[in-house]
Amino acid sequence: MEPCILAQDPSNPLRRRLLIGAAGATLGTLCGGAKALASSDYPSKPLRVVIPYPPGGPTDIVGRIVAATLADKLGQSVVIDNRPGASGMIGADVVAKAAPDGYVLLINVSGQLVNPALYANMSHDPLKDFRGITNLASTPIQLVISANSPVRSVADLIALVRSQPGRHNFASSSNGTPGHLAGEVFKAAAKLDVTHIPYKGSAPALTDVIGGQVTYMLDSMPSSISLVKGGKLRALAVTSDQRVAALPDVPTFAELGYPSVNLTTWYGMWAPAQTPPELVARIYQQVNAVLQRPDVRARLADAQAMPVGDTPEHFDAYCRSEAQRYAEIVRLAGIRLQ
């Protein structure tokens with residue numbers, strides 16, 4: 001009987017095609033079942049969250065606030081892995097190349113999306129090689145100087161720098177960070193002859209600002225607000241639309257006639273690009289639940305960070321629009337890096 005011949009004859013090409021098709025269907029079923037199982041059992045071991053900046057900086061502060069409570073929520077430890085260097089690209093690259101199983105995640109500053117406009121050769125693509133989970137929080141940037149400086153206002157700072165062209169400098173936590181871009185925009189708007197000095201994180205940069213080795217810095221508030229309140233730094237202006245409640249006497253740049261200096265810093269969480277959508281959704285649900293907790297919101301508020309928690313789809317779209325905006329700022333500022 002012909003069906004029996006087909007079933008028994010391994011050389012029959014039709015039989016081979018049928019077997020291959022059946023094997024493919026079985027494999028697809030198994031893979032789909034494995035994904036569903038991975039999602040339902042997640043997490044079954046500790047997570048590693050890579051933060052591509054040193055401890056003590058704003059990205060690290062926000063990341064640790066979220067990670068500590070996320071560990072309680074998931075019932076698994078969440079290990080922070082600080083991997084500073086190369087404007088955040090070293091740590092980001094670790095996550096881009098990690099297994100897409102939800103156990104290695106990235107918490108990075110919005111400067112992640114600036115790097116393609118700054119560097120011609122990157123080992124990963126910040127948009128294509130990651131799947132967005134959520135925007136964790138956003139925060140204003142503040143212009144700070146040493147509390148020992150005679151400068152008391154932005155007008156004083158501009159007058160000082162213009163009186164000594166080429167002798168002053170400003171710091172940032174790294175090339176391409178929002179603080180760097182805000183510094184370049186301020187430099188252009190105020191027509192200042194100053195030199196940018198990038199550091200490997202906010203903490204060492206702020207140390208040199210306090211010591212007077214660097215004239216000023218535009219820094220995200222989580223890492224510098226305590227130094228302002230502690231009397232080691234003096235805040236001269238903030239990039240927010242309205243004055244910050246914690247610094248009611250500090251004007252906005254818009255108030256001072258520099259509305260273009262309007263950048264804020266935001267902090268996102270990403271997974272490797274091939275992470276299954278259902279697993280991304282599961283992680284997002286847990287992280288968003290953390291961001292809704294009153295104790296977490298209070299800790300973020302103390303660091304002058306406002307929780308966001310938008311969906312993965314909205315966050316991916318936001319990343320694309322922010323990348324375009326940053327690229328235009330880089331172009332207009334004429335920033336060139338090797």
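What percentage of the 338 residues of the protein chain count as buried? The share is 51%, where buried means under 20% relative accessible area, exposed over 50% and partly exposed in between (1.4 Å probe, protein chains only).

## Model and confidence

This is a predicted model, in which local features need pLDDT of at least 70 and side-chain atom pairs count only at pLDDT 80 or more, while totals for chains, interfaces and linings use all residues. Residues are numbered from 1 along each chain as its sequence is written, and side-chain values use heavy atoms, with hydrogens and water left out.

The average pLDDT (the predictor's confidence in each residue, from 0 to 100) is 89 for the protein chain, and 88% of the residues score at least 70. Residues 1-38 have a pLDDT below 50. Beyond near neighbours in sequence, this stretch has 13 contacts in the model, a contact being heavy atoms within 4.5 Å. Where pLDDT is low, the predicted coordinates should not be read in detail.

## Overall make-up

The protein chain has 12 helices and 11 strands. Both are DSSP runs numbered from the N terminus: helices are H or I with at least four residues, and strands are E with at least two. Among contacts in the protein chain with a separation of 6 or more, 79% join residues 24 or more positions apart.

## Helices H7 and H12

Helix H7 covers residues 178-190 and helix H12 covers residues 312-333. Their axes come within 10 Å and cross at roughly 45°; axes are lines fitted to C-alpha atoms, for helices over the stretch in contact, and angles run from 0 to 180 degrees between N-to-C directions. H7 is therefore oblique to H12, since angles under 35 degrees count as roughly parallel, over 145 as roughly antiparallel, 65 to 115 as roughly perpendicular and the rest as oblique.

On the H7 side, Leu 181, Glu 184 and Val 185 meet Tyr 326, Ile 329, Val 330 and Ala 333 of H12. This contact has six nonpolar, no polar and one charged residues. Ala, Val, Leu, Ile, Met, Phe, Trp, Tyr, Cys and Pro count as nonpolar, Asp, Glu, Lys and Arg as charged, and the others, Gly among them, as polar.

Asp 60 lies in helix H3 (residues 58-74). Asp 60 counts as buried because its relative accessibility is 4%. Apart from neighbours within four places in sequence, Asp 60 contacts Ile 51, Pro 54, Pro 55, Ile 80 and Asn 82.

In helix H9 (residues 221-229), the buried residues include Met 221, Pro 222 and Ile 225. Gly 231 follows H9 and has a positive phi, near 85°.
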